[in-house]
Amino acid sequence: MAERQKAEALFLANLEWIERSAASLCRRYGLGGDEAKDVCSWVKLKIIEDDYAPIRKFRGDSSIRTYLVVVVASLFRDYRAGHWGRWRPSAAALRAGPLAVRLETLVYRDGSTLDQAARTLRESPQPDLQKAKEMTDGELARMLAELPVRGPLRPYEAGEAPLDAIPAVSSAEERVAQQESDQTRRSVFGALERVMGRLPEEDRLILQLVYWQGLSIADVARVRSLPQKPLYRRIERILGQLRRELPAEGVQQEQLREFLGELTP
């Protein structure tokens, strides 16, 4: 009983952090509105289940916040697999390389338009996606055309209303706000790319595997042949460097929380 009470206290003390981490992942993968709320609720429920089992597994190898970020990322991956299905890149995309794999994923798994996918690719700080910045939309379209057409895993509900009765997705004011948000996002991710470029290569890869690819710490340790326990402290150190250096690149604290919520204190 005492262990459960301690876990519950940690959960309540870090509830806002858990919600921010889940919300940031939703933004990254294009989820909003009720779906984002559902994800957040589902993540919190999974943490609470079995007397806060994920929190009771915490052994102090890192800060509780770093640990919870990894827990939330792992749960988000489970949610996505359970609700959208398991996704595997096509053989053609694997042969073409990481850029083709990510383009295929954005379009056919996440339901992005080509324009949205191109913007996401060009804003990405991942080194193996930097080629996208030099490619035109036409070149990306040709790359996509060489990949097999796949139906989206993510469910879409058409409803009963005729198409002409469905309201427009956004007003002019919302489009202006979105453009401003996109500009800020490009600025923030440009700063992140510069800071990550100063990290040692393996530190940069570890960060990408955990926060962009959604791998668990155990998976990263296995893939990189590293001892698992020290990885928590190592990730905490890497995040600390990002937090210290990003403001010097002109990124304000509010922007850090908005676009990189799970990476910030």
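The model is predicted. Its salt bridges number 14.

- D51 and R4 form a salt bridge through their side chains, with an N to O distance of 2.9 Å.
- D51 sits in helix α3, which covers residues 33–56, and R4 sits in helix α1, which covers residues 2–13.
- The two residues are 47 residues apart, so this pair links distant parts of the chain, and R4 is partly exposed, with a relative accessible area of 28%.
- D51 is partly exposed too, at 38% relative accessibility.
- Partly exposed is the band between under 20% (buried) and over 50% (exposed), so the 38% of D51 falls inside that band.

- K46 and E49 are joined by a side-chain salt bridge, 3.5 Å from N to O.
- Helix α3 holds both K46 and E49.
- K46 and E49 are three residues apart, about one turn of the helix.
- K46 is partly exposed, at 28% relative accessibility.
- E49 is partly exposed, at 35% relative accessibility.

- The side chains of R234 and E202 pair in a salt bridge, with N to O at 3.0 Å.
- R234 belongs to helix α12 (residues 229–245) and E202 to helix α10 (residues 201–212), so the pair ties together parts that are 32 residues apart in sequence.
- E202 is partly exposed, with a relative accessibility of 24%.

**A salt-bridge network**
- Salt bridges also link R194, R198, E245 and E249 in a network.
- In general, side chains of opposite charge can pair when their charged atoms come close.

**Helix α6**
- Helix α6 spans residues 98–109 and has 12 residues.
- From the first C-alpha to the last, α6 reaches 15 Å, close to the 16 Å expected at 1.5 Å a residue.
- The helix is mostly covered, with 11 of its 12 residues buried.
- Among the buried residues of α6 are L99, A100, V101, L103, L106 and V107.
- R102, E104 and R109 are buried in α6 as well.
- T105 and Y108 are also on the buried list for α6.
- Just after α6, G111 has a positive phi of about 80 degrees.

Conventions
Residues numbered from 1 in each chain as written. Predicted model: local features only at pLDDT ≥ 70, side-chain atom pairs only at ≥ 80, totals over all residues. Heavy atoms only, no water. Salt bridge = Lys/Arg side-chain N within 4 Å of Asp/Glu carboxyl O. Helix = DSSP H or I, 4+ residues; strand = E, 2+ residues; numbered from the N terminus. Buried < 20%, exposed > 50% of the residue type's maximum accessible area, 1.4 Å probe, protein only. Expected span 1.5 Å × (residues − 1).
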